[in-house]
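Visitor: I am new to this structure. Could you show it to me and take my questions one at a time?

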Amino acid sequence: MFSPRSIQSNITFAQKIFSLDYILIFSILFLGIISMFAMYSSSTGQFDYYTKSHISRFSVFFVLFLVLSLVDLRLWYQSSYIFYLLILILLVMVKYFGLSASGSKRWLDLYFINLQPSELMKIGIIIFLARYYHRIPAHEVNTFKYLLLPIFVLLGPVVLVMTQPDLGTALLIGVSGVLIVWLGGVRLKFFTYLTLLFIATAPIAISFLKPYQKARILTFLNPDRDPLGAGYQIIQSKIAIGSGGIFGKGFLQGSQSYLDYLPEKHTDFIFTLFSEEFGFFGSMVVLLLYALITWRVIKIGEETRSFFGKFYCYGFASAFFIYVVVNMGMVLGLLPIVGAPLPILSYGGSSMLAIMIGLGVVMSCKVYRDVPIN
Amino acid sequence: MISFNSNESFNKTRMISRRMFVLGIGKAIVFFGIIGRLASLQITESTKYKTLSDKNRFREWKVAPERGLIRDFFDNIIASNEKVYQLHITPENSKDVDILLNRIKNILYLTDSRINFLKRRIAKQKPWEPLIVSDNLSWTEFARINLFLHELEGAEPIVSVARVYPHQSVAHVVGYVSEVGPKDLAAKEYLRDMAVTGIAVGKTGMEQKFDQQIIGQVGYQRYEVNAFGKRIKQIAVNKGIQGQNYLTTLDFEVQKYAAELMQDKSGAVCVMDIFDGDIIALVSAPTFDPNKFVHGIDNKTWKELTSHRDKPLINKAISGLYPPGSTIKTIVALCALENDIASTKMSVDCQTSIELYGEKFHCWKKEGHRFTNMRKAIKESCDIYFYEIARKLGVDRIAATAKSFGLGAYHLEGFKEEKKGVVPNTTWKKRFIGKNWYLGETLHSGIGQGYFQTSPMQLCVMTAQLANGGYEVKPRLTLDENVNTGIKLTTDFETFYDPIYEEHPLLGKRLFRNQENIKFVKEAMFASTNEPGGTSYSSRFNEKDYQYAGKTGTSQTKRITQAQREADLEQTSLPYLDRDHALFVAFAPYENPRYAISVLVEHGGSGSSAAAPVAKKVIGKLIERHNLRMAKKNSLGLNTNV
């Protein structure tokens, strides 16, 4: 029942380097390199602003990820509540000082970067709940006292993000949070109640949706409803992916993206672009890399001794998987267009920063797997 | 420190692992779902999406095809195509369209209104759509544009193809093309199907008649376009198929010669082959420059043409309607003979006028023709004789014969501008005027005045059908038309005159009862031209090969008042528009006839002085070129042995 490894409190630098998960590191690096090619192609084969800033961001954040890997897990544990609260404050600040773009307020101007706190909250919620469930004894999880806080911790950011409005990110934060709550031991019946409540209040919630959000849901249900309007993105994305065929049209040869038929090709639809140019085989490579990363994170969760580490890794793996699945489901026409970036591949600094911090903490779990946490 | 040995901790670990396992299974299912979807899009349905992707990518722009050429019988091109130099601009490619337009304005000397028009057009269309600044630049203008091209970013000199008409003499019969209007689109399905902007459509004449065949098949330029419809690069070009070429029956030399003779006159000349119906010349004067219409006619020229006294745009040979005058006397005489109401020997004493119910009817000859038989009546065109015959015949019988010889009917199928005219009879008057017929009107009809309205084309057909012995002949302008084409005339002249045929095996329907009557009329026409006292005696040929038989006619534009008649007014002293129209019909040569001709000179005075001299010269030209024409017919495999 115990791992054969002994409990350690102090780890040397060499031990740290030795215990890094190199499969994970190289998977991330490989995906990062793919993302650079995709971004180059999305800029119609030029080193333009998007390509350059994506490459520099990936390089900087990849180094950040490696540095964070070596940070003591106990430090993460101790600062997790503060981390969450800081991001929550940033989210509130967005409400008042945020930058507006195409009808929604999502960004904070921090002079050196336009930060999207909702992306960071994806990690913040995981790290908060991981610490929360770390301490609670299994038999007390389902008591009212311990049920109340997670609800508020989840609801706060979700409501803030939803009113930005950013339905996609709000849903991703909510779903990944709910998953950890469930992993934490909360009984299924509470989720059933919650679902029933959700269904009951859905008509009211729908009345709060913006017209374009309603249109997106209706369009998802029937993309041909309005082929030149809301359904256009789904149809064009399916055409691009489908026309890629088994081997793809070739690097820089994707006519759908080159001729601007593809919307948002460097952000949400970057996978479509890649899939059009590299076909089924290329897509499978990307999919397997994502699966590999998810699998390694779960593996690390199994290896790490602390509940904090386990909760964090399992939570992160699930959330990461959901980000990928939601984005792919979206571009493949399986889910409505909600605006969810693909981790690492999509253009976007905050999303990349959040994912790299998240992966850094995962790696820290691996390095400090045998370190006990109070 | 966490108590590692507690049951609590053990249970918690197990619970987490169990729940993670469930989640893991969920993830695997979803993962394979994604792969399945990817496979279905990229492997199973790939072909469908590839097609859709190409449908996105490629867009075709139609290219107007070249029209077919029109040639005369001797391969002279009478409607051709030429390279035209155009200047297009693409506003998007220019840094500042206003500066560009200003520069072009200075180079091409364009007017301010033209520039303003172009600016309005630019405002209306997408910036990447090319705009035609000028569709027909002269070579010097084009050269100047090319010289300054480095300063004209966004301008594009283009070489295209447009219709050109080298000769104005054939303007009416060939017709002209112009920009497609809403009416053309409404009337012509093939134009709607082609849907090419900038294509020209035939508006009149053969251009209009053969438009569907001559217009050609649309080509296309295939471009790769982006999501906004902007052309990215050209993928393929198909120039289309040039329209059908036409070899016409016209003899350009005769046409040009007749047009020159008519140069300062207003009128028409119509020449045809009396056996196969070949139209050799179809002249209307004055003429106009059809090239003006090709690139859109300007307002000033249009107004000049439409308000001109002599109506140059009207093809007078088929659309001009005139009373046939004395030329109808051939038909009236034939009608009388065929109906046995008079013999050729019947004699009338012409004392310059007769009276009927208090109304006086005059002969054109003031001193009267005295005793006149039918031959003399035709030869000298005695009105009194024909009043008498007409009175005996009644208008309905005259009308029947006139109609059977081609008056009051269309002859050029497909020519929208052709007019039918009027062959009056009692029922016609009742129907269209609503009054009963008066006997006096029968007398007027007997000399081709009154309600009669005929075109020079009809008079030509009438003469041809008399000349060929009384068989129906259908005029044609091209050899492709399936009219009287089977002229495999292996029989000799004698067989041709055999009156037993109801329908001549080599020609059309028989129009006579007794062919002797037709022979008589032809002989009288010969006398009219070749015997002293004949109305066209002064326009005769002495050489036997050139001798022809004709009949003059004068169609009144106004009733002559008694005062005018007593004053013995010369036509030349009348105001131009009050002068009579001069008419002349003839066939040539008299022995072995082959050609029929009709000449009309508007306000020319009398047929003998104004129309017959023109006809004589044209007949001279025809006979000079006869052997050439027959040789060409032989070379085309058409039998000429009549």
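Visitor: How far apart are the end C-alpha atoms of helix α3 of chain B?

Guide: This is a predicted model. Helix α3 of chain B runs over residues 97-108, which makes 12 residues. At 1.5 Å a residue, the helix should span 16 Å. The model agrees: the end C-alpha atoms are apart by 16 Å.

Visitor: Where do the buried residues of α3(B) lie around the helix axis?

Guide: The buried residues are Val97(B), Leu100(B), Leu101(B) and Ile104(B). Seen down the axis of α3(B), they fall within an arc of 95°. So they line one face of the helix.

Visitor: What do the buried residues of α3(B) pack against?

Guide: Val97(B) is one of these buried residues. Their partners belong to chain B. They are β3 (77-89), α4 (112-124), β4 (131-137) and β5 (155-164).

Visitor: Which element gives the most to the side of chain B that touches chain A?

Guide: The contact takes 38 residues from chain B and 37 residues from chain A. On the chain B side, the elements that give two or more residues are α1 (7-44), α2 (46-57) and β8 (219-225). With 21 residues, the one that gives the most is α1(B).

Methods: Residues are numbered from 1 along each chain as its sequence is written. Chains are lettered from A and ligands numbered from 1 in the order in which they are written. This is a predicted model: local features need pLDDT of at least 70, side-chain atom pairs count only at pLDDT 80 or more; totals for chains, interfaces and linings use all residues. Two residues are in contact if their C-beta atoms, placed from the backbone, lie within 7 Å. Helices (H or I, at least four residues) and strands (E, at least two) are DSSP runs, numbered from the N terminus. The expected span of a helix is 1.5 Å times one less than its number of residues. A residue is buried if 20 or more other C-beta atoms lie within 10 Å of its own, exposed if 12 or fewer, and partly exposed in between; C-beta atoms are placed from the backbone. The arc is that of the directions from the helix axis to the C-beta atoms.
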